[in-house]
Amino acid sequence: MTITLKNKKEISKKLKERAIFEGFSISGIASIPGSQRLKLRTNALERWLSNNYHSEMNWMEAEKRKSIESLLKGAKSVLSVGFTYINSQNNNNDKSFKIGKFGQGEDYHKVIYKKLKNIGKWINLEIPDCKWKICVDTSPLLEKAWAEESGLGWIGKNSNLISKKNGSWFTLGFLILTKDLVPDEPHQSLCGKCDKCIEHCPTKAIVEPFVIQSDLCIAYHTIENREKNIPKKIEKNLNGWVAGCDICQDVCPWNKTVPCNNTVETTPKEWIKNLNFESLNWDDKTWEENLKGTTLKRIKPWMWRRNIKANINNK
Ligand code: SF4
Ligand code: SF4
């Protein structure tokens, strides 16, 4: 099926509407290979890697991350979507132990994948000769840069993607397509003179605007660090964080009045709503049962114990 200019516009609009219908809060389209800005973002990734700011996250070095075309032969466009994970029942971290809001609901990889697959099925009916490929987090794609290119928002100084309407409490998903579609305008940065995230980061991990040095970041250490101990300089700044850290998002003015997504998928598990030392004093089996179906299972039971202990050491 050849898409004419007229129905190209229509199908692009319908595709973005379909994404909202599936439960995403934002959607946009970019053309491949994208604008000059993408090249700048790729260069920035190179600099970040060459400074070893990714620490032990070696998968970030994947060459394919820099080339979207290598993920699907004949790729012409990408649909970018944002899934809002904040829920009005979130444990908002006023307790002794804190968990990042991104991890309080169901595993967002699975949620996003399922929704994108439904969109793919819709494409099979609407544009039968269009091939598509789903990318969610684990795929080697320069996610935030493509979301920015698709008009979803801008990469903030805290390195999160920020949308004017939805703040930064969302995770990204992508559908790469072999059809030419009508692209959206890449988003401009609206951080302006604000520096709140940089000022409030307790470990000074935002070493310059847009650049996070992972081995200074609480989120990195509580989720990714596989070492037996958390470094002392991080430990003394944990202040209750046992999984992730939301500070640089909590202080962002664009997150002040963001609509919640109160669905089953984002509703926190009961144990997360009631965090306290007793409730977390579990054996491996109980941890595994409780972490089932969440993104937090990336943090192994021994790491939870290490993170909790590190917090107790600094009470
Ligand atoms: S997640 Fe926390 S530690 Fe990491 S950059 Fe943001 S405020 Fe700093
Ligand atoms: S806190 Fe300010 S500087 Fe940081 S991401 Fe938000 S708007 Fe940008």
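This report covers strand pairing, a helix, aromatic contacts and ligand surroundings in a predicted model.

Strand S7 covers residues 170-177 and is mostly covered. Eight of its eight residues are buried. Both faces of the strand are covered. On one side sit Phe170, Leu172, Phe174 and Ile176. On the other sit Thr171, Gly173, Leu175 and Leu177.

S7 pairs with strand S2, residues 77-84, through eight bridges. The two strands run antiparallel. Within this pairing, Phe83 stands opposite Thr171. Strand S4, residues 132-135, also pairs with S7 in the antiparallel sense, over four bridges. Here Lys133 has Ile176 as its bridge partner.

**Helix H3**

Does the length of H3 agree or disagree with its residue count? Helix H3 runs over residues 108-126, which makes 19 residues. At 1.5 Å a residue the helix should span 27 Å, and its end C-alpha atoms are 27 Å apart, so the two values agree. The buried residues of H3 are Tyr108, Val111, Ile112, Lys115, Leu116, Ile119, Gly120, Trp122 and Ile123.

**Aromatic pairs**

The whole structure holds seven aromatic pairs. Two of them are set out below.

| Pair | Centre distance | Plane angle | Type |
|---|---|---|---|
| Trp154 and Trp254 | 5.1 Å | 80° | edge-to-face |
| Trp282 and Trp287 | 4.6 Å | 70° | edge-to-face |

Why is the pair of Trp154 and Trp254 called edge-to-face? Its planes stand at 80°, and the label applies to angles over 60 degrees. This pair ties together parts that are 100 residues apart in sequence, because Trp154 lies in strand S5 (residues 154-155) and Trp254 in the loop between helix H8 (247-250) and helix H9 (270-273). Trp154 has 0% relative accessibility, so it counts as buried. Trp254 has 29% relative accessibility and therefore counts as partly exposed.

In the other tabulated pair, Trp282 is buried, and Trp287 is buried as well. Both belong to one aromatic cluster, which Trp271 and Trp304 complete.

**Ligand surroundings**

Which residues surround ligand 1? They are Cys201, Thr203, Ala205, Ile206, Cys217, Ile218, Cys245, Ile247 and Cys248. By class, this shell has eight nonpolar residues, one polar residue and no charged residues. One of its members, Cys217, has a relative accessible area of 17%, so it is buried.

Ligand 2 has another set around it: Gly156, Lys157, Asn158, Ile162, Cys191, Cys194, Lys196, Cys197, Cys252, Pro253 and Trp254. Seven of these residues are nonpolar, two are polar and two are charged. Cys194, at 28% relative accessibility, counts as partly exposed. Trp254, from the edge-to-face pair with Trp154, is also in this shell.

How many disulfides does a search of the whole structure find? The search finds zero.

**Pro202**

Pro202 lies in the loop between helix H5 (196-200) and strand S8 (206-208). Its relative accessible area is 30%, so Pro202 is partly exposed. Pro202 and Ile247 are 45 residues apart in sequence. In space, their C-alpha atoms are 8.5 Å apart.

Note on methods:
Residues numbered from 1 in each chain as written. Chains lettered and ligands numbered in written order. Predicted model: local features only at pLDDT ≥ 70, side-chain atom pairs only at ≥ 80, totals over all residues. Heavy atoms only, no water. Phe/Tyr/Trp six-rings, centres within 6.5 Å; stacked < 30°, edge-to-face > 60°. Buried < 20%, exposed > 50% of the residue type's maximum accessible area, 1.4 Å probe, protein only. Pairing = 2+ DSSP bridges. Near = heavy atom within 4 Å. Nonpolar A, V, L, I, M, F, W, Y, C, P; charged D, E, K, R; others polar. Expected span 1.5 Å × (residues − 1). Disulfide = S-S within 2.5 Å.
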